[in-house]
Each structure stands twice: as C-alpha cells, then as structure tokens.
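Hi,

Here is the structure I promised to pass on. Have a look at it first, and then read my notes below.

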Amino acid sequence: MSAPLTSLHRCCQRSALLLLVARRQWCSSSASPPPPPLPRHRRLLLFLTQRYYDIEMLVNWKSQLKRKWLEWKNIGPRSSWRSEVTSQYYVLRLRGGFRYAGQSEWFRADHRGRFRQDFLKHKGTPLEEVDMSHTDINFTGLRNLASQQSLRTLKLRGCPYVDDWFLSRLHVFEDCLEELDISHCPQITTGGLAALRNLKGLKRLDVSSLPRIEIAGLVVILLEEMLPQCQITATGYNLDLSQAGGEKEVEELSQRQR
Amino acid sequence: KTFCKCIQRRITGGEYLSLCQAAIKKKASDALPGSSWTPLLVSPNLPPARVDIVIIGGGVVGWSIAYWLKQKEMIREGARILVVEKDPMYSQSSTVLSAGGIRQQFSLPENIHLSLASVNFMRKINDYLGVMNEDPVDLQFNQSGYLFLASEQGAQIMEENYITQRNAGAHVSLLSPTQLKQKFPWINTDGVVLASYGLENEGWFDPWTLLNAFKRKAISMGVIPCHGEVTGLLRLCGFVPDGITVCVEQVQMLNSLEYQPVECSIVVNAAGAFSGKLTKMLGIGSGPKDSIAGIPLPVEPRKRYVYVVNCPDGPGLDTPFLIDYSGVYFRREGLGGNYIAGVSPEEAEEPDTNNLEVDHQFFEEKVWPVLAHRVPAFEKLKVTSAWAGFYDYNTFDQNGIIGVHPLINNMYLATGFSGHGLQHSPAVGRAVAELILDGNFKTLDLSSFSFGRILSQEPMLERNIV
C-alpha cells in the first residue's frame, strides 16, 4: 500500500521541481526568489496603508526615521578631540572589532555596546585588520575608515547595508587591502563585483552565499580572470549547470571551463 | 445582429432565444443608474481641461521634472501636473535606446556637478523613488568606470580636464601606456599617450528601469499621464507687451480624431529630439533675421547606431566603457561575451533621420577596424544585433538648454543634451523644478545653460563628446 503512495509523493515532488525550474527559466535575469508570505500583523498594516492616508504617512515617517538613524550612526564621531581616533571610535560604536598593526590584541565592544578606552594607548598606530561583520556599516560609514591607508584585512560578512556603491568606494584601499570578506551580504550584485577590479593587491576574497548573484559559477570564473593573484572562496552556491537560467550563459560557462 | 448570427451559424431556436435574452440583459444593465454607460461616448483617456503645468515629453527628463515638482510642492495636490507622451511604446524615445552610461569625465564643471548629483541620486534611489509595497528599484548599475584614451594631440586637453574633474570632486586617475597595459592586458596601446580612468561613480545602468521608477513614483504622487501628441499651441495676447504667453494647447489623441484643449499656466518643453518642432509651432525661428524671434531652438534629432557584438574571447568582467580618441566606444553587456559598440559619425556623413533603420555597412567601415586595432581579440567578433536611436542634438554647442525661453514667457526648456540627457536627468529635473517653484536655481547653478548663450552666440563647448 505504501509503495504506490511513496512513488506518487516522489512524482509530485519531481513535478513541483520541474515547475519551479520551468518558472525560473522564464523569469527575467534580475528576478529574485519570491519572498516568504508576510506575518498577520504586517498584512493588516499593509491593508490599512492602502486605504488610509494617515497610516500611509505614519509608515512613511517610520521608514524615513529608520534611514535617518542609520545615516546618523554611520556619520561617526564629530568632536574634534577624537579626530585622531575617528576610525577606532566608529568601529567600536558599530559593534565591530579592530586590530592595530604590529599587535595581536583585538579591541571590541561587548554585547551591550560598551567598550574600554584602553585602545587610546596606541593612538597613532594604523589599523591593520577591521572586522565589521554583521554590523550596519554602509557607504557613508566607509569614509570614517578611508584614512587607514595600511588596512590589510576587511571583513564584512553578513552586513545588510553593504551594496555595490560600497564596493566601488573600496578603491581608496587599492594599494594595501589584501583580504576582503563580503560573504552573505544581501545587497551585492554582479555589477558591484566588477568594482573590485581596482583592488589589484587582493590576495584572498570571499564571495560566498551572495543571494543576488545569478550564475555564480560564471561570475566566479570571471572574477578569477579579473584578479589573477587572488584566491577566491565561493561556497554556498548551487553550481549545477541545469539550474542556470539562459542557454547562452551556460554555453559561456562550459566554454570557459574548458 | 443575433438573427444574422443565427443564419450564419445555423443555431437552433432555443439557442437563438437565449442569445437575444443575453443581449437584452446586457443593454438593460448598462442603461441602469450606477453603470458607466452614457449615450454620449466620452473617451476616458483625454487629459483634463485645466492643469497648472504641462510637461511635453514623457522621456526620462520629462518624468524626472514631474517627480521633482511633486517632491518639492509644499502641500498635497499643490500643483496639477500633466505629462504628455506621444509614444506609449517608447519606440523612438532616446531614453530607452541609449547605451545607459554615466560618467564624470567632462571638461565643464557644470556637467561634472550634474553627473555627481545624478549619481548620488541613483545611489539612494530607493529612498527617493521607492513606492510602498512595490518592488524596490534595481538599476542594475555596473560599477565599471569609463576609460578615455588620448593620442598626442589630445593629451594636453586630457590633463587639463583631469585637474578640473579632481577639483569638482570626481574620482579619476590618469594612466600611462605601461600602466594601461598592466591593468588591461587585452588593450593595444599603439598610439595612446595618456588614458583617463574613472575609479568610482561611473559605469552604466538600465535606462528603462530609471524611466519606469520616475514614472511610477510620479504617478503615485498624483501626476497625470497622457498618451497624446501636442499638435497646437495657442498664444494668449494682451498680457505682456513683448513676448508670447502660451496657454491653451491642443493635445491630439493617438490614432483618433479626438483632441483636448488644455489650459495651463506653465509649459515645459522636454520633448528631446522633437523639441525644435514644438517651438516652430509658435513661429520661433521664422521671424525677421535680426530679432529674437528669428533664432530657432537649435535642437534637432541626429541618428546614432548601436551594435551588439559577440566575442567569446573578449575582455572580461573589468571591461570599462572604453572610448577611443577616434570616437569609437564599446562596453560589456551582460556576462555572455556580448559588447555594445558604436561611434558618432562625422558632421558631413550624418545619416537620414526619417527612420530608425540601421546601416550595417557603417559598422564594417567605421567601427570594426578601430575596435580590432584597439582590442586584438575583437578581430573575431560577430554582430548579433543592432539598433538606432536619436540624440537630441544641440547644433550650437552640444550641451543642454535649461531655462525659460526669452520670448515665450511661460515655456521652460530642458532639452538639447546631445547624448548625456539620461545621465543628467535626476539633477536636471531637480534644477527645473527649483526654477519653476522657487524662481531660481538652489542646489546647482545652471544659469550658464540658459538660452541666453545662444542669443549672445557664446558657445559652451565640451572638449570631449561621444
């Protein structure tokens, strides 16, 4: 009894997969996977927003305030007596971590955002490694780090506001940057990866699990051609050729792999 | 009618009765109160009879102006704005047929500031043009930069331009031929003395997405779109002694004889390649030779070809938008080894602008030899597709005309950009909105782009045009 049922189940799964693959093939190249359904309170808010001007205005204000708060956080310290340690204060305030050149101690804020002032002992020393993973760093915030001309490692794993424009700004580190980790950043696309062309000194690059990159296999090969001295890590992608969207890209991929 | 159908299809009596019943029911329900049936058929697509501002031209500049006007108005529904576009398919519009590049490598500081302002707008495009509960705008911006190559004659100009660009805030770097060869091994540096490379804020994007983003946001803020052609502009006499005030227009609906006169107080001419025709309707250009009325608006359409080529061994992901000193340009398109190439023809060999037919011989003679010389891998390429589009070419000095026309008191011009209208559209839209609502420029001073320079015959020439 169970055997025909299991085969039916498998048949349904396969047909669902086929439908999914068929739908993907007809999607435009920039289509992202369909978003998950909204929770109930959000659906109610959406319903009210479409019917009442006041609620639409309040929701608009809320998103504007959120954007302003993000910009305010990223502008960095304003007082003049902190001008020598702007980058350090900025990194610590956003809950990142850094390491000075020539030392092995890392300075970080704790889980409540408090940090000790003992990093001020090494005021003049340049930063060598900065870890801003899972922080709210964005394009505006990068100018606080731009003065660090001996930065060797920059980790930006899982930063929700790191986008293509941020990557284009990284040219300020073109002489010194050797390691860059931009994995799991949801806003980076292929156009932004083209901006990494300026970082000719890059030795290690991590571009794993970038959700907006289609045809990851081809993009990784093109990146390897663009940065020949760089070791590129790209895990978390399904590099199966049958899932690629568009025959031309598949041909190109197989040609380049040869 | 149903009886004829009955005879044609030989249906039975019962079916005929039910058909008649259905027809009677439909007519009765249409005539009942609460339905939209009227004995006098009014076309639902006609524009309103009275608006405040009419923007003629629904390209990216026109919709950008509409968006900024709504953005800047102090109260909701403060200004009624109508955008008239004669081609809902955008088949001849310069916006959608453009190569979509944006650069800061100009020689005039005003152009550099316009580009920088536009790029800042595009970086935060979802803050400006995001509509609630709709998909976010994805311009598909490729951050690949522009690369200008200069021969011996142009090297001096390139150095001077570089200083202007750095002073204005653009991130550009100069490269020698050796550095160029190191950075891009696929280039043949024969004849190149200096190269100018954009490090940031330069690249290309999808113009259709930008146009639709402006349109969607402007319509959500209350701008009225209209698909029709402006076939008549009426002068109002008696208000100002020297000068025309344009007030009432004739908007002709597409493929029909219906037209609607639209009363308005301000007209914005953003018609792109067809702006010259609009001012001709008012007699500008056919007055006596030494008067202002004798000087026509120097904007005319110029056809430019764009060819899509496929070269599997071509340059990779870091291909910039390369512009050779001969004028030939190319850029990468997608990831499949496709490139877009073209060149501006010589003045004497300008193609005919009656249609958008492509001349493939032009590619073989003018574009391919230079491409193959500059990038040896392009010797083995195949042309897969081509299209042609119009530049709204300013025959006077190839730069935009922004401001009020000296004779027509309420016509604002925003046209004549000669190939860089798309990249300047957000900033130009804001400037024209400031001019209309605030009376003068607030953020960027574009008074040097006014029509006055044409009257005083002082051209603002760019030293690099493509």
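Let me start with a term: a salt bridge here is a side-chain nitrogen of Lys or Arg within 4 Å of a carboxyl oxygen of Asp or Glu. By that rule, the count over all chains comes to 28 salt bridges.

Before the details, some housekeeping. This is a predicted model, in which local features need pLDDT of at least 70 and side-chain atom pairs count only at pLDDT 80 or more, while totals for chains, interfaces and linings use all residues. Residues are numbered from 1 along each chain as its sequence is written, chains are lettered from A and ligands numbered from 1 in the order in which they are written, and side-chain values use heavy atoms, with hydrogens and water left out.

On confidence, the predictor gives the complex an ipTM of 0.85 and a pTM of 0.86.

**Chain B overall**

Chain B has 12 helices and 18 strands; helices (H or I, at least four residues) and strands (E, at least two) are DSSP runs, numbered from the N terminus. The C-alpha trace of chain B spans about 90 × 65 × 45 Å along its principal axes. Of its 466 residues, 52% count as buried, where buried means under 20% relative accessible area, exposed means over 50%, and partly exposed is in between (1.4 Å probe, protein chains only). Looking at contacts (heavy atoms within 4.5 Å) with a separation of 6 or more in chain B, residues 24 or more positions apart account for 74% of them.

Chain B has an open sheet of 8 strands in the order E5-E6-E4-E13-E14-E15-E12-E16, with mixed pairing; two strands pair if DSSP finds at least two bridges between them. Strands E5 (172-175) and E16 (382-394) of chain B are at the edges with a single partner strand each, so one side of each has no neighbour in the sheet. From one strand to the next, the twist averages 20°; for such angles, axes are lines fitted to C-alpha atoms (for helices, over the stretch in contact), and values run from 0 to 180 degrees between N-to-C directions.

Within this sheet, E4 (residues 146-150) and E13 (residues 321-323) of chain B pair in the parallel sense over 3 bridges, with B:Leu147 opposite B:Leu322 in E13(B). Two helices to look at here:

- Helix H10 (residues 360-374) of chain B packs on the sheet, touching E4, E12, E13, E14, E15 and E16 of chain B, and its direction makes about 60° with that of E12(B).
- Helix H6 (residues 152-168) of chain B lies across E4, E5 and E6 of chain B, running at about 155° to E5(B).

**The sheet in chain A**

Chain A has an open sheet of 7 strands, in the order E2-E1-E3-E4-E5-E6-E7 and with mixed pairing. Its edge strands are E2 (106-108) and E7 (231-233) of chain A, each pairing on one side only. Neighbouring strands of this sheet are turned by 15° against each other on average, direction ignored. E6(A) and E7(A) run parallel and are joined by 3 bridges; A:Leu205 has A:Ile232 in E7(A) as its bridge partner. Helix H4 (residues 86-93) of chain A lies across E1, E2 and E3 of chain A, at about 145° to E1(A).

**Back to the salt bridges**

Which residue of chain A meets B:Asp138 in a salt bridge? It is A:Arg212, at 3.3 Å from N to O. This pair crosses between chains, and B:Asp138 lies in the loop between helix H5 (125-129) and E4 of chain B. B:Asp138 is partly exposed at 25% relative accessibility, and A:Arg212 is partly exposed at 30%.

Within chain B, the side chains of B:Arg50 and B:Glu263 meet in a salt bridge at 3.6 Å, N to O. They are 213 residues apart, with B:Glu263 in strand E10 (residues 259-263) of chain B. B:Arg50 counts as exposed at 58%, whereas B:Glu263 is partly exposed at 36%.

Cheers
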